[in-house]
Amino acid sequence: MIAGDLRVFLTVSAVMFCIGVYGILSRRNAIGVLLCLELMANAVNLNLVAFARFSTGTMGQVFTLFAIALTVAEVVVGMALVILLQRTHRDIRLDVAEEMRG
Amino acid sequence: MNAVELAALTVLAPLVVAVFLIVAAPVRRNGVLAPGLSVLGSLVSLVGAGALLLRQIFGLDPDLTVERQWLVAGGETVARVGITVDGTSAAMLAVVTFVAAMVQIFSLGYLSDEPEEDRGRYFTWQSLFLFSMLGLVVSPNLLQLFACWELVGLCSYLLIGYWWRKPSAAKAAVKAFWVTKFADMGLLIGLVLLYYHTGAFEWGPGAVEQLAAAGSDPEKTPWVLPSVAVAGLMFFAVMGKSAQFPLHVWLPDAMEGPTPVSALLHAATMVAAGVYLIVRAWPLFEAAPVVLNTMAIVGGLTALLAACMAIIQTDIKRVLAYSTASQLGYMIAALGAGSVLGGFFHLTTHAFFKALLFLSAGSVIHAVHTNELSEMGGLWKPMKLTALAFGVGAAALAGLPLMSGFTSKDLVLEGLYKAASAPQPVLWFPFLACLFTVGLTSFYMSRVFLRAFFGKSSRRAYRAHEGGWSMRVPMMLLAVPAVAAGWPVATFAQTTGLFEPHIGLLHFTPVGGIALGFSVVGFAVALMVHASGGSGGMVSALSPLGDLIRLSLVDRAYDLAYRQALNIAAGVGWFDRYMVDGVVNAIGALTLLLGRWSRHLQTGRVGDYVYAVVGGLVLLAAWSQMISWVVL
Amino acid sequence: MLEAANQGFPILSAIVITPLLAAVGLLFVPDDQRSVVRGVSLAGSALSALASAWLAWRYLVEAPQGGWLFVEHHELVPALGISYTMACDGWSASLLLLTGIIIFAGTWASFSLEERAREFFIFLLVLVAGVYGVFVAQDLFVFFLFYEIAVLPMFLLIGIWGSSGKVAAAGPFARAFRMLDVGGREYAAMKLTLMLLVGSALILASFLAMALTAGSFLMDDIGNAALPFWLQWFAFPALWVGFGTLAGLWPFHTWSPDGHAAAPTAVSMLHAGVLMKLGAFGVMRVGMVLLPDGATHWAFVVGSVACVNIFYGAMSAMSQQDLKYIVAYSSVSHMGVVMLGAATLTVTGWNGAIYQMFAHGVMTGLFFALVGVLYDRTHDRWVPRMGGFARIMPMVTVGFVVAGLSSLGMPGTAGFVSEFLVFLGAWEVRPWWAVIGVIGAFVTSIYVMKAVRAIFFGDGPPERFASLTDATGTERVAPWVLGLCLVVFGAWPKFLLDMIDATTPGYLVPIFEAMARGAQ
């Protein structure tokens, strides 16, 4: 019974993750990519919380808190990058930035 | 003082002087102090050595050896250094210190025109040279002997290269160094071999027994008997040091050094070291008859060839140089024939008269500023003392009766004759060669003497004059033993423990009589040639022979070997740079190329990277699924 | 060994830390106060040198029969068996002394450096701290740590302060030569670092294999653990090649000529004088002592390659026209003598090998110091363009001849003692090893004397060099110190040899046991 409940959470998380992946692959707008990235990260967070709920110990929840804090930081950096992109290229579509081409 | 302390004083006095002069630069650069200290050091040594010899002659001292540990391995002594005092070393010490002191005093005058700094350097090396030779003489074992042997070679290098500004002197110095170093490889390997078999560097009967035992050990059957290998390798080094054919090439070139250096080098130190090694380590040589026979033949050959070379020289010093090689051939031949007394005694007398010859030649060169015999002539009038000294030396070298050279040469020839008729037929060659060489020696020495001091006076002879006291006194002092050193042959034999019953007060044998005949003939021919207006014809008649010996065969062979070695080295250098290092660089370049190619994978588009990540994820998942299928 | 740990003043750590403290101190000195910079670095190097001399003396007094002194032991990661363990035996003591002498002389020799002197000395002192550490560390983890500290600053020291030459592209790999700036200082620094790091990777892998199998990083524990033969069989060659790369092992030596030629004076001195010894020390102390079965199994290969080193290095040196390359190749040849002595697995051979490390360290330090003096003045390293320099540089001449004599094994210099001991040991094992060694010494005499004649004697000096001066002031210290050491330790080797000999037999015990096992 319990296992069944866990499966629900995992399914939701997997769906969220896949939506995130699809978004990253299909969107050209940097902010959109960032949003999808968040979606993926939250899918993972959901996983962690779910596992923590259905097993002993609170380690998973603690980690999730850490992960959320980290995600915030990551968004900050990401947004900063987006702003920089806008400044330098006057555009926030990702395929305009290819300075790293070898 | 006991004998060892006295010997230590004798040996260390020049070392102290040398070290002091090396360290104290201002003293070294002082034109009075440096030579003074150096001469003082050698005089102290001379006194010490003289006292030691007297005490040995009168049997006041037992044979003594004092040693200290020098090298260790696993707590066991590998090598020692020390001092050994016996008749042999005492006699040699006396000869070396006497000749060295005379040479140094002579150098005071001879080099008086040199810059002070150079003179300081010269006397520093002289002191070091003397120390090295004395250390060699008192060596209680072969390792110390080898160490001093190398130092002697080093000092020769330094002194031959005294006028290093002259490219020819620098070249001659390095040539001497290389040739003797090449030969020294033999001694080094011989030492290692000796240690391997005996666990020490001794030359006594014990070592001989151990070598013999190692040779008869059925478990390790060497392809050459250890005793023969050790003696043979050591003899190879002697050939280099004592200028035996074909390793004699450095000796004539060594004339680039100042004349007193040649006197020291040719009389008492450098070349004497080789013969002394054989005398000292005689038990090791005695145990290897094959090596002894080789020695006799090499010695005889050298005596003959070098005498031929001496005939065609036009440079007074080169005549003497080749005569040294020739006389060393006598010593080696005598030792090869088993006559230690003959070889050692000839070494002693030769030291005196050859030093005398070189010093008087130096006096001549100092006066006329040339080495060429053709520019001398008629020097008897301005330089009577030098002429007399040279005459005495030449007479001793040629082996006139009552002269020192006569007795020692007689012993050599007698030893050879006895050994040849023992019978060892192979020794007839060295005997006959040495006998014939007596005539040649007499001829070339007479020729030089007549040519330099008599006949038409050259332009340079008018301005010639004797040197100062410092040049005259050593000549006079050296003339005494050059004449008389042969007389106390019995005492010499007793002191050095080489006494043979038939040696009387004055030694004379029928063989000596024949030799005297050769000598007289040689002198007569020289006189005739001189009377008929110079020896130019003689020289030109003989020079093809000389070319054959000197240039075509030996020198050219060395030149070729050196060039080939350089070529091979250049090949190795190229191989290292462009093959070994080439591979390294190729790997580096390959990495660069790989990077250049793989950078095209980096498109710089974020999307592409994400595709790669997701693709990788999918592949990973697929792989893990496959694994689980395979495992289940 | 650990019983007597942590008693008394931690002198070994102090020796390691002194140069580091000086380096840290230099960070706070303004760059333009050159005399302060010099003073602090000299204090650091002189103090550590003095301490190592004192250590050597104490060792002779307190442990004439060998054994460990001044043991320090602190746990670092007990779970993995990693500890900070320092101890000193006869080998360490003599090599510490060498390091002290070289860094002292090297500091004096770098006083003429003008550009970024402070940073230079910082790196130099850090490097020396690493060298000191390697010689006394008894824990493989710490050993490796120090080893890398010693190797890595070299990249910056050569890359920033080095000098460049030019090498023509030729041969089958000419294209590679054109792609790389062969002979340049960046090239030399990069090549040296990369080749040594490849060696380090091998070392690290073997260290891990050894330590994890034995359950401890402590050398003693590993030695007692009797590692299985298969492990020793592959770990020993890995260590040999890994450490050997630093010791100039043929054919992994090619970083050495380029690196030493490009490096500034003190760096060459330190690198050829001490760092190459780290490699040989590693092969002997870690490779052979801790892996005795592997060592006996591979000894023939090690010795034979050492012979190649000796002869090949000497021939290469003979073919060079660039002064620094001559000296660098002579190092390759002489390190071959060390490896030959190590490969003999005999007491004489090992004594000779350690002594040769010392002798060659001092000798090559002297060589590079003098070459530095020459190069400072001429800005030229091409021997055929020189000549007659004895006229203007008598002191350099004398020093060069002394170093040359030691390198060709002249009795009375330290080189003779070591080479002779090595030959004695080599003959016991394989006579032809000794014969090649002797021939190598002869070839050395050819190229050394050839160089001496070409540079210092004969006509000259050429006009553009005529106004040059001899070594002056601070430049004279290094030649004097090093030259004296060569002669003193050559004439009276007992001091050093007793110290080495106290330790060698103990290290050979496992080797002899392994030989006995192998013979069965």
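**Exercise 1. What percentage of the 632 residues of chain B count as buried?**

Solution. The structure is a predicted model, and of the 632 residues of chain B, 58% count as buried. To place that figure, begin with the overall make-up of the chain: its secondary structure comes to 25 helices and two strands, and its C-alpha trace spans about 115 × 60 × 50 Å along the principal axes. Then turn to the contacts in chain B with a separation of 6 or more, of which 81% are between residues 24 or more positions apart.

**Exercise 2. Determine which pairs of chains touch, and describe the sides that meet.**

Solution. Begin with the pairs: two pairs of chains are in contact, and chains B and C share the most contacts of these. Chain A and chain C, on the other hand, do not touch, their nearest C-alpha atoms being 19 Å apart.

Next, take the contact of chains B and C, where 52 residues of chain C meet 48 residues of chain B. On the chain C side, at least two residues each are supplied by helix 7 (174-179), helix 13 (292-319), helix 15 (347-378), helix 17 (414-429), helix 18 (431-456) and helix 20 (494-519). Helix 18 of chain C gives the largest share, with nine residues. Sorted by class, the side of chain C that touches chain B holds 33 nonpolar, twelve polar and seven charged residues.

Finally, take chains A and B, whose contact draws ten residues from chain A and twelve residues from chain B. The side of chain A that touches chain B is made up of five nonpolar, one polar and four charged residues.

**Exercise 3. Work out how helix 3 and helix 12 of chain C are oriented to each other, and which classes of residue make their contact.**

Solution. Start from the geometry: helix 3 (residues 90-109) and helix 12 (residues 265-290) of chain C pack at an angle of about 165°, and their axes are 8 Å apart. Since angles over 145 degrees count as roughly antiparallel, the two helices of chain C are therefore roughly antiparallel to each other. Their crossing is left-handed.

The residues come next: helix 3 of chain C contributes residues including C:Trp91, C:Leu95, C:Leu98 and C:Ile102, while helix 12 of chain C contributes, among others, C:Met269, C:Leu270, C:Lys277, C:Phe281 and C:Arg285. By class, the residues of this contact divide into twelve nonpolar, five polar and two charged.

**Exercise 4. Carry out the analysis for helix 5 and helix 6 of chain B.**

Solution. Helix 5 (residues 116-137) and helix 6 (residues 142-160) of chain B pack at an angle of about 155°, with 8 Å between their axes. That makes helix 5 of chain B roughly antiparallel to helix 6 of chain B, and the crossing of these two helices is left-handed.

Among the residues that make the contact are B:Trp125, B:Phe129 and B:Met133 of helix 5 of chain B, together with B:Cys148, B:Trp149 and B:Val152 of helix 6 of chain B. The division by class gives 13 nonpolar, three polar and no charged residues.

**Exercise 5. Identify the members that touch the most others in the largest nonpolar core, and examine one of them.**

Solution. The largest nonpolar core has 460 residues, and B:Val99, B:Ala355 and B:Leu356 touch the most other members. Its largest share, 19 residues, comes from helix 7 (residues 167-198) of chain B. When neighbours within four places in sequence are left aside, B:Val99 is in contact with B:Leu264, B:Ala267, B:Ala268, B:Ala351 and B:Ala355. Another core, of five residues, lies apart from the largest one and includes A:Ile24, A:Ala30, A:Cys36 and A:Leu94.

**Exercise 6. Locate the backbone features of interest, and decide whether A:Arg90 and B:Ala243 are buried or exposed.**

Solution. Consider the cis peptide bonds, beginning with the bond from B:Phe245 to B:Pro246, whose omega is near 0°. B:Pro246 sits in the loop between helix 9 (226-241) and helix 10 (250-253) of chain B. In chain C, the bond from C:Trp250 to C:Pro251 is cis with omega near -5°, and C:Pro251 belongs to the loop between helix 10 (229-246) and helix 11 (255-262).

Now consider positive phi. A:Arg90, although not a glycine, has a positive phi of about 55° and lies in the segment after helix 3 (59-89) of chain A. Because A:Arg90 has 8 C-beta neighbours inside 10 Å, this residue counts as exposed. B:Ala243, also not a glycine, has a positive phi of about 55° and is placed in the loop between helix 9 and helix 10 of chain B. With 32 C-beta neighbours inside 10 Å, B:Ala243 therefore counts as buried.

Note on methods. Residues numbered from 1 in each chain as written. Chains lettered and ligands numbered in written order. Predicted model: local features only at pLDDT ≥ 70, side-chain atom pairs only at ≥ 80, totals over all residues. Axes fitted to C-alpha atoms, helices over the stretch in contact; angles between N-to-C directions. Helix = DSSP H or I, 4+ residues; strand = E, 2+ residues; numbered from the N terminus. Parallel < 35°, antiparallel > 145°, perpendicular 65-115°, else oblique. Left-handed = near helix turned anticlockwise from the far one by under 90°. Contact = placed C-beta atoms within 7 Å. Nonpolar A, V, L, I, M, F, W, Y, C, P; charged D, E, K, R; others polar. Core = buried A, V, L, I, M, F, W, Y, C linked by C-beta atoms within 7 Å. Buried ≥ 20, exposed ≤ 12 C-beta atoms within 10 Å, placed from the backbone.
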